[in-house]
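Hi everyone, thanks for making time for this. Let me put the structure up so that we can walk through it together.

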Amino acid sequence: MENTKEINGFKIIMDEIFELKRKKAMDYGQTWRAFGLAGIYPLIGKKFGRIWLNKDKSETDLNFESMRDSLIDMVVYCVMCIQLMDERDTEDKIKKILENI
């Protein structure tokens with residue numbers, strides 16, 4: 001039996017994440033693809049570090065970004081990795097550009 005409340009709550013959050021990604025894509029374009037997976041992994045690591053470092057703090061103790069915002073950013077970075085993997089577009093394009101200079 002499906003837990004409708006849980007599934008609906010999940011969808012609401014995913015819709016919010018999708019809308020945030022859509023808005024950020026208008027500012028960043030496709031630049032996130034330039035470094036491939038190697039460029040996104042450090043972003044995930046940095047977010048995880050921030051989450052871990054601040055896990056015991058209250059929201060009022062955080063200066064710039066809520067824990068929720070950090071978790072949402074991490075979800076976006078993970079989905080971007082999956083997107084690159086699914087599209088078989090995982091290589092670092094900047095490295096190739098620099099090698100040909």
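Look at Glu65 and Lys47, whose side chains meet in a salt bridge at 2.6 Å, N to O. This pair ties together distant parts of the chain, since Glu65 sits in the loop between α2 and α3 while Lys47 belongs to helix α2, 18 residues apart. Please keep in mind that this is a predicted model. Are the two partners buried or exposed? Glu65 has 18% relative accessibility, so it counts as buried, and Lys47 is buried as well, with a relative accessible area of 11%.

In total, 10 salt bridges are counted here. Another one joins Asp56 to Lys55, with the closest N and O atoms 3.2 Å apart. Asp56 counts as exposed because its relative accessibility is 69%, and Lys55 is partly exposed at 41%. Salt bridges that share partners also build one network out of Lys24, Lys47, Glu65 and Asp73, which brings back the pair we started with, Glu65 and Lys47.

Within helix α1, Arg22 and Glu19 lie three residues apart, about one turn of the helix. Their side chains form a salt bridge of 2.5 Å, N to O. Both ends are partly exposed: Arg22 at 39% relative accessibility and Glu19 at 30%.

Now for a charged residue in a loop. Where is Arg33? You will find Arg33 between α1 (4-28) and α2 (36-54). With 13% relative accessibility, Arg33 counts as buried, because the cut-off for that is under 20%. The side chain of Arg33 makes a polar contact with that of Asp89, at 3.0 Å. Leaving aside residues up to four places away in sequence, Arg33 touches Gln83, Leu84, Glu87, Asp89, Glu91 and Lys93.

On to the aromatics. How many aromatic pairs are there? The count is one. That pair is Phe48 with Trp52, stacked, with 6.2 Å centre to centre and 20° between the planes. The two are four residues apart in helix α2, so about one helical turn separates them. Phe48 is partly exposed at 45% relative accessibility, whereas Trp52, at 53%, counts as exposed.

Last stop, the surface. Phe10, Met14, Val75 and Val79 make up a nonpolar patch there, with about 330 Å² of accessible area together. Helices α1 and α3 (67-86) each contribute at least two of its residues.

Technical notes. Residues numbered from 1 in each chain as written. Predicted model: local features only at pLDDT ≥ 70, side-chain atom pairs only at ≥ 80, totals over all residues. Heavy atoms only, no water. Buried < 20%, exposed > 50% of the residue type's maximum accessible area, 1.4 Å probe, protein only. Polar contact = N/O pair within 3.5 Å; in protein donor to acceptor, adjacent residues only side chain to side chain. Contact = heavy atoms within 4.5 Å. Patch = residues over 30% accessible without salt bridge, like charges linked within 9 Å, V, L, I, M, F, W, Y side chains within 5 Å. Areas by Shrake-Rupley, 256 points an atom, 1.4 Å probe, with all protein chains shown as cover. Salt bridge = Lys/Arg side-chain N within 4 Å of Asp/Glu carboxyl O. Phe/Tyr/Trp six-rings, centres within 6.5 Å; stacked < 30°, edge-to-face > 60°.
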